[in-house]
Amino acid sequence: MLSLRSQILNRKNDNFFGIAVTTRLPNLTSKENDVFKSDALHTYKRALEYLEKLFDYENSPFKMFSCLKLSELPKLTDLLNLAKLIKDHINGDELYEELNLIKLLPNDILNNTEFTSSEKWVTFFQSSTAQLKNIKQIVQYVFSVPCSNAFVERVFSHMNSLWTDERNRLGIDTVKAELVIRNNITFNCSEFFDQIQNEKHLLNAVKNAAKYKFKSLQ
């Protein structure tokens, strides 16, 4: 949302309406040119007002999340504020000791622009032998927050294709299981076969009728 507002604000301040429009503006009369620019700038203004009405840029909790980017070391006060926000029980003294361990991260990891923030945290957790339970609670919570509703909308789209009029007797658990597989399993057929052939417990469950709960009621 910050990026979107910044893009619109830059276009408004620079009177930029796109290259295709800019190349055609000279073909308009002076009056038509002024009318178009006035309408376009008004559209930018309305868009900014709409964003600022629906999104609290100044007090957004997402601002607090920025301390976990690992472009620089997070501060203890920022992590404690996050702990209050997510309402998890965090031991402040232990968190301080865990934070000091982050300082041992090599600078080439912190300064590596090819690493995403999540990849940096994974590297940190993998390289440390300590439990790091407090800071891990905070990181897990923050990185589980979706940055948009695109994933949720995709899940609903998949659900509509699964739960059709022809399959209207599917149980909720079955639909949920299919959605989990569709959205989380990336194996192709050969990889799935190699993965599942040693999962005896799962194969036994597939073969028997235990998965059909309604049969136990008959």
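# Structural report: contacts, helices and aromatic pairs

A polar contact of 3.0 Å joins the side chains of N134 and E98. Here, a polar contact is a pair of N or O atoms within 3.5 Å; within protein, one atom must be able to donate a hydrogen and the other to accept it, and residues adjacent in sequence count only if both atoms are side-chain atoms.

The model is predicted, so local features need pLDDT of at least 70 and side-chain atom pairs count only at pLDDT 80 or more, while totals for chains, interfaces and linings use all residues. Residues are numbered from 1 along each chain as its sequence is written, and side-chain values use heavy atoms, with hydrogens and water left out.

**N134 and helix 9**

N134 belongs to helix 9 (residues 133-143); helices (H or I, at least four residues) and strands (E, at least two) are DSSP runs, numbered from the N terminus. With a relative accessibility of 2%, N134 counts as buried, a class that covers values under 20% relative accessible area, whereas exposed means over 50% and partly exposed lies in between (1.4 Å probe, protein chains only). Apart from neighbours within four places in sequence, N134 is in contact (heavy atoms within 4.5 Å) with H89, I90, N91, E94, L95 and E98.

Which residues of helix 9 are buried? They are N134, I135, I138, V139 and V142. Viewed down the axis of helix 9, these buried residues fall within an arc of 130°, so they line one face of the helix. The arc is that of the directions from the helix axis to the C-beta atoms. An α-helix has 3.6 residues a turn, so residues three or four places apart point the same way.

In helix 11 (residues 172-184), the buried residues are V175, L179 and N183. They cover an arc of only 55° around the axis, which puts them on the same side of helix 11. The face turned away from this buried side carries the exposed residues D173, I181 and N184. Helix 10 (150-162) is included in what covers the buried residues of helix 11.

The 13 residues of helix 11 should span 18 Å at 1.5 Å a residue, and the end C-alpha atoms are 18 Å apart, which agrees. The expected span of a helix is 1.5 Å times one less than its number of residues.

I196 lies in helix 12 (residues 189-196). Leaving aside neighbours within four places in sequence, I196 is in contact with L202 and L203.

The 12 residues of helix 1 should span 16 Å at 1.5 Å a residue, in agreement with the 16 Å between its end C-alpha atoms. Just after helix 1, N15 takes a positive phi of about 50°. N15 is a residue other than glycine and lies in the loop between helix 1 and helix 2. Most residues other than glycine have a negative phi, and most peptide bonds are trans.

**Aromatic pairs**

A search of the whole structure finds 5 aromatic pairs. In such a pair, the ring centres of Phe, Tyr or Trp (its six-membered ring) lie within 6.5 Å; planes under 30 degrees apart count as stacked, over 60 as edge-to-face and the rest as tilted. The rings of F17 and F36 have their centres 5.6 Å apart and their planes at 80°, so this pair is edge-to-face. The pair links distant parts of the chain, 19 residues apart: F17 is in the loop between helix 1 (2-13) and helix 2 (19-24), and F36 is in helix 3 (residues 30-54).

F17 also pairs with Y44: the centres are 6.1 Å apart and the planes are at 10°, so this pair is stacked.

**Cysteines and relative accessibility**

How many disulfides does a search of the whole structure find? The search finds 0 disulfides, a disulfide being a pair of cysteine sulfur atoms within 2.5 Å.

| Residue | Relative accessibility | Class |
|---|---|---|
| C67 | 11% | buried |
| C189 | 71% | exposed |
| F17 | 10% | buried |
| F36 | 31% | partly exposed |
| N15 | 42% | partly exposed |
| I196 | 15% | buried |
| E119 | 39% | partly exposed |

E119 is located in helix 8 (residues 117-127). E119 and N107 are 12 residues apart in sequence and 14 Å apart in space, C-alpha to C-alpha.
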